Amino acid sequence: MNQPFSIVIPVHNKEDYIGRTLKSVLDQSYPNFELVLVNDGSTDSSGKICDKYASTDSRIRVIHQNNGGVSNARNSGIKAASNELIAFIDADDWWDRIYLEEMNALIKHYPDIDIYSAKYATTKNGNIIPGEVFFPAHEKFILFDLIEKCAEKVRFPIHSSSVIIRKCAIEKVGFFDERISTFEDFDLFVRIALNSKVGYLNIHPLSFYNLDVPAESKARGAVPDLNKHWITYFDKFSNDAINNPNLKLLIDRAILTQLMSYNQRKEYRKKLKPYLLQVSKEHFSQKYKLVYYTPVFIGKYILNIYRWLKKIKF
């Protein structure tokens, strides 16, 4: 069965990147898809580029809207999508030519779940950087519990440009949370993963996350606004976390690790206490107590050591 996909791409001021992204989509070996481009109030030529591509391929539709943010743009695309299987890709990332073909095989293998992902890699200075190995290499198709897996290291084996999700599942959990622009994808993944395992395509990377984009051009900006960070809205998981220790562990570890960079900035340091008070005592290790409850210069020193150890995979 050749299932039709709806591909949703939010576009905001990506004139230097969107061409490569669209070429990778239109070059797919699997042609049964529609492409929904959401021009989210771009002030550069991104909208015109989208319209130009739409004029040459009947599978492409373009939605022009006022700037509402990446979550709002994705939601607009989801609501406009004609098909049940929604594939996401950001306007500065790209896919391998066989991405949809292989994902179609994965979906056939696990037809009764809601979320699927391929392995992804990052690119820097034009070079592909292999991602972390999460699963044994000899298994091609893997079914796993995302919350349990992510609670181990607070690192996600899936990414916004490597997932396909059923539209009904997105509707059921209430779409992307439009208050969030930092880790808004993880927020949605976790909500869906409360009711579905993830099907994973464990071959070479087929999706590529572009790190050559300036930080200020990313949706979250160079310094993410804490008010738009997913950890600010963890209260939505409170009831589920009571009976799900892995979810509670994931939430606590996310708070402790993702607030570390904010702890180095004076304008945020005093705002962190309410977040830290949410963390269970058993998850608040000595390392984090030193980071958050010592003078900033000591905490910064500890943070640098932590990053170095993480880099060498200590």
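**Chat about a predicted model**

Me: What covers the buried residues of H1?
Reply: The cover includes strand S1 (5-11), strand S2 (33-40), helix H2 (46-54) and strand S5 (94-95). Keep in mind that this is a predicted model.

Me: Which residues of H1 are buried, then?
Reply: In helix H1 (residues 18-26), the buried ones are Ile18, Thr21, Leu22, Ser24 and Val25. They sit on the same side of H1, because the arc they cover around the axis is only 160 degrees.

Me: And what is exposed on the other side of H1?
Reply: Arg20 and Lys23 are exposed there.

Me: Which strands does H1 lie across?
Reply: H1 lies across S1, S2 and S3, and its angle to S1 is about 175 degrees.

Me: On to the sheet. What is the strand order?
Reply: The order is S3-S2-S1-S4-S10-S6-S11-S9, eight strands in an open sheet with mixed pairing. Strand S3 (60-65) and strand S9 (141-144) are the edges, each pairing on one side only. From one strand to the next, the twist averages 20 degrees.

Me: What holds paired strands together in general?
Reply: Backbone hydrogen bonds do, in either a parallel or an antiparallel arrangement.

Me: Do S4 and S10 run parallel or antiparallel?
Reply: Antiparallel: strand S4 (residues 85-88) is joined to strand S10 (residues 163-166) by three bridges. Ala87 has Ile164 of S10 as its bridge partner.

Me: How many bridges does S11 have with S6?
Reply: Four, and strand S6 (residues 115-118) pairs with S11 in the parallel sense. Within that pairing, Tyr116 is opposite Gly199 of S11.

Me: And in which sense do S9 and S11 pair?
Reply: S9 and S11 are antiparallel, again over four bridges. Phe141 stands opposite Leu201 of S11.

Me: Are the residues of S11 buried or exposed?
Reply: Buried: in strand S11 (residues 198-201), Val198 and Tyr200 point one way, Gly199 and Leu201 point the other way, and all are buried.

Me: Changing topic. How many aromatic pairs are there?
Reply: The count is 18. One of them is Phe183 with Trp230, a tilted pair at 6.3 Å centre to centre and 55 degrees between the planes.

Me: Where in the chain are Phe183 and Trp230?
Reply: In distant parts, 47 residues apart. Phe183 is in the loop between helix H6 (167-173) and helix H7 (184-193), while Trp230 is in the loop between strand S12 (207-210) and helix H8 (238-242).

Me: Is Phe183 buried or exposed?
Reply: Phe183 is buried, at a relative accessible area of 17%. Trp230 is buried too, at 1%.

Me: What about the rings of Tyr262 and Tyr268?
Reply: Their centres are 4.9 Å apart and their planes are at 80 degrees, so that pair is edge-to-face. Tyr262 is buried, with a relative accessible area of 3%, and Tyr268 counts as buried at 12%.

Me: Which residues form the aromatic cluster with Phe183?
Reply: The cluster consists of Phe156, Phe183, Phe186, Phe189, Trp230, Phe234 and Phe237.

Me: Last one, cysteines. How many disulfides?
Reply: Zero, from a search of the whole structure.

Me: Is Cys150 buried or exposed?
Reply: Cys150 counts as buried because its relative accessibility is 0%. Cys168 is at 39% relative accessibility, so it counts as partly exposed.

Technical notes
Residues are numbered from 1 along each chain as its sequence is written. This is a predicted model: local features need pLDDT of at least 70, side-chain atom pairs count only at pLDDT 80 or more; totals for chains, interfaces and linings use all residues. Side-chain values use heavy atoms; hydrogens and water are left out. A disulfide is a pair of cysteine sulfur atoms within 2.5 Å. Buried means under 20% relative accessible area, exposed over 50%, partly exposed in between (1.4 Å probe, protein chains only). Helices (H or I, at least four residues) and strands (E, at least two) are DSSP runs, numbered from the N terminus. The arc is that of the directions from the helix axis to the C-beta atoms. Contact means heavy atoms within 4.5 Å. Two strands pair if DSSP finds at least two bridges between them. Axes are lines fitted to C-alpha atoms, for helices over the stretch in contact, and angles run from 0 to 180 degrees between N-to-C directions. Rings of Phe, Tyr and Trp (its six-membered ring) pair if their centres lie within 6.5 Å; planes under 30 degrees apart count as stacked, over 60 as edge-to-face and the rest as tilted.
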